[in-house]
Amino acid sequence: MGLNPRTPGSRPEPKEEVLKDFEELAGKLPWSDPLKVWKINTNFKKKKTKRKKINQNTGKEKINNGQGDKIDETDGKKGFTNNTLDSHILDYYENPAIKEEISTLVGDDLASYKDEKDESSKEETHPKMLKFRVTCNRAGEKHCFSSNEAARDFGGAVQDYFKWKADMTNFDVEVLLNIHDSEIVVGIALTEESLHRRNITHFGPTTLRSTLAYGMLRLCAPQPTDIIVDPMCGTGAIPIEGATEWSNCYHIAGDNNPLAVDRAANNISSLLTKSQIKEGEVSWGLPIDAVQWDICNLPLRTGTVDIIVTDMPFGKRMGSKKRNWNLYPACLREMSRVCRPGTGRAALLTQDKKCFTKALSGMGHVWRKVHTVWVNIGGLHAAVYLLKRTPQAFVHPSEQDGERTPW
Ligand SMILES: C[S@@+](CC[C@H](N)C(=O)[O-])C[C@H]1O[C@@H](n2cnc3c(N)ncnc32)[C@H](O)[C@@H]1O
């Protein structure tokens with residue numbers, strides 16, 4: 001749910017007036033569709049849990065009914081049952097009966113939860129009163145209100161509007177109030193725990209959030225069979241997210257620090273184990289490799305990479321701003337060599353925007369800037385630059401001198 005109402009943080013309004021805006025916002029939002037999605041998601045989760053419980057009980061019954069001389073066979077069946085449970089869960093979204101149920105739910109005229117609550121007498125059982133909480137995430141410096149104040153006033157208005165009960169710990173609905181400078185995005189959480197650490201088990205000093213890694217990859221619109229490289233992978237958050245979500249592409253993770261490569265390899269290994277457990281006995285592996293290399297001299301052939309997605313050293317916790325003045329131009333040059341002219345693209349994250357912009361300005365013949373997305377990384381104002389490789393062929397300085405690299 002995106003909106004851009006009167007902008008509470010953009011001008012020096014009295015605090016009371018700004019907080020009043022938050023109160024008024026609750027009644028103006030189009031809640032209906034996001035709540036439908038929330039309901040479908042909640043029903044899915046309930047059904048999943050129910051199926052799991054039924055299956056666990058079935059497994060237990062089988063064990064209890066088994067005869068002493070049939071123990072091996074019963075155990076075998078138990079194993080089979082558990083594996084089929086997982087495949088049932090995986091097939092869940094493909095089940096025609098479930099699909100029908102989704103369309104019925106979507107087709108329901110749920111004008112809003114408010115309307116539905118009024119018709120509660122039609123329900124078979126008494127619906128319980130929904131409990132909710134508002135979580136405010138705020139970035140930007142010029143706000144005259146605190147996150148707590150925004151959540152409190154907006155939450156109060158949500159409570160009045162829906163007649164829900166506020167509960168900070170035992171809530172059914174979590175309303176997210178995300179404020180970035182003068183922009184507000186209101187959403188409904190669909191997961192109880194944050195997904196930003198999914199798939200990462202071995203952390204490093206600058207591990208990127210999986211959610212941001214996903215967003216960066218998505219910006220590049222990966223296509224089946226694309227070769228996607230993170231040449232400064234650290235713990236491998238980007239290629240690991242890539243291998244999970246775009247498994248029809250091939251992902252290469254590289255870093256010059258052997259510790260980072262080890263962490264990435266360990267993360268890949270954990271993911272592999274997890275996918276083996278999920279899939280049962282047979283696993284087809286993951287389309288990903290980890291390598292130690294130097295970004296300035298990649299062991300990759302010229303024009304063979306479709307997409308580069310990387311999180312460059314900011315020069316704060318990793319590297320130094322001074323070193324970036326040499327590193328960034330060298331990175332952009334080598335990336336332009338390996339990236340396919342005409343179709344190649346890159347999403348590069350950095351907080352050292354000044355250095356990046358300067359380096360990019362000297363590379364206009366090979367890289368065209370398509371878009372900049374501003375992101376907040378733990379309070380640092382960073383940017384993701386989406387670049388497109390121009391059709392111009394790469395000419396290596398060594399080729400001009402008659403020397404050639406072996407790749
Ligand atoms: C900001 S961190 C990347 C963090 C990573 N996205 C993660 O999730 O862990 C930048 C990485 O660049 C690597 N790096 C710095 N200079 C490099 C170079 N010349 N070649 C390859 N990697 C380099 C560092 O070792 C570091 O792991």
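Biologist: Which residues are closest to the ligand?

Modeller: In this predicted model, the closest are Leu 208, Thr 235, Asp 255, Asp 294 and Asp 311, and the residues that surround the ligand number 20.

Biologist: How many of the shell residues are nonpolar, polar and charged?

Modeller: The shell around the ligand has eleven nonpolar, six polar and three charged residues.

Biologist: And what lies 2.6 Å from an oxygen atom of the ligand?

Modeller: That is a polar side-chain atom of Thr 235. An N or O atom in the side chain of Asp 294 is 2.9 Å from a nitrogen atom of the ligand. Asn 256 contributes a backbone N or O atom, which lies 3.3 Å from a nitrogen atom of the ligand.

Biologist: How much of the ligand's accessible area does the protein cover?

Modeller: On its own the ligand has 600 Å² of accessible area, and the protein covers 92% of that.

Biologist: Let us turn to helix 7. Which of its residues are buried?

Modeller: Helix 7 spans residues 210-219, and its buried residues are Ser 210, Leu 212, Ala 213, Met 216 and Leu 217.

Biologist: Why are they on the same side of helix 7?

Modeller: They cover an arc of only 160° around the axis, so they fall on the same side of helix 7.

Biologist: What covers them?

Modeller: The cover includes one helix segment, helix 8 (237-245). It also includes strand 6 (227-230), strand 9 (307-311), strand 10 (345-350), strand 11 (367-377) and strand 12 (380-389).

Biologist: What follows helix 7?

Modeller: Helix 7 is followed by Ala 221, which has a positive phi, near 45°.

Biologist: How far apart are Val 309 and Leu 349?

Modeller: They are 40 residues apart in sequence, and their C-alpha atoms are 8.2 Å apart in space.

Biologist: Which backbone oxygen lies 2.9 Å from a polar atom of its side chain?

Modeller: The backbone oxygen of Trp 246 does. That of Gly 242 lies 3.1 Å from a polar atom of the His 251 side chain. Leaving out residues up to four places away in sequence, His 251 touches several others, including Ile 228, Pro 239, Pro 287 and Asp 289.

Biologist: And Asp 352, buried or exposed?

Modeller: Asp 352 is buried, at 5% relative accessible area. Asp 352 sits in the loop between strand 10 and helix 11 (353-361). Not counting residues up to four places away in sequence, Asp 352 touches Phe 314, Lys 321, Asn 324 and Tyr 328.

Biologist: Finally, how many helices and strands does the protein chain have?

Modeller: The protein chain has twelve helices and twelve strands. Of its 407 residues, 39% count as buried.

Notes: Residues are numbered from 1 along each chain as its sequence is written. This is a predicted model: local features need pLDDT of at least 70, side-chain atom pairs count only at pLDDT 80 or more; totals for chains, interfaces and linings use all residues. Side-chain values use heavy atoms; hydrogens and water are left out. Buried means under 20% relative accessible area, exposed over 50%, partly exposed in between (1.4 Å probe, protein chains only). Helices (H or I, at least four residues) and strands (E, at least two) are DSSP runs, numbered from the N terminus. The arc is that of the directions from the helix axis to the C-beta atoms. Contact means heavy atoms within 4.5 Å. A residue is near a molecule or strand if one of its heavy atoms lies within 4 Å of it. A polar contact is a pair of N or O atoms within 3.5 Å; within protein, one must be able to donate a hydrogen and the other to accept it, and residues adjacent in sequence count only if both atoms are side-chain atoms. Accessible areas come from the Shrake-Rupley method with a 1.4 Å probe; for residues, only the protein chains shown count as cover. Ala, Val, Leu, Ile, Met, Phe, Trp, Tyr, Cys and Pro count as nonpolar, Asp, Glu, Lys and Arg as charged, and the others, Gly among them, as polar.
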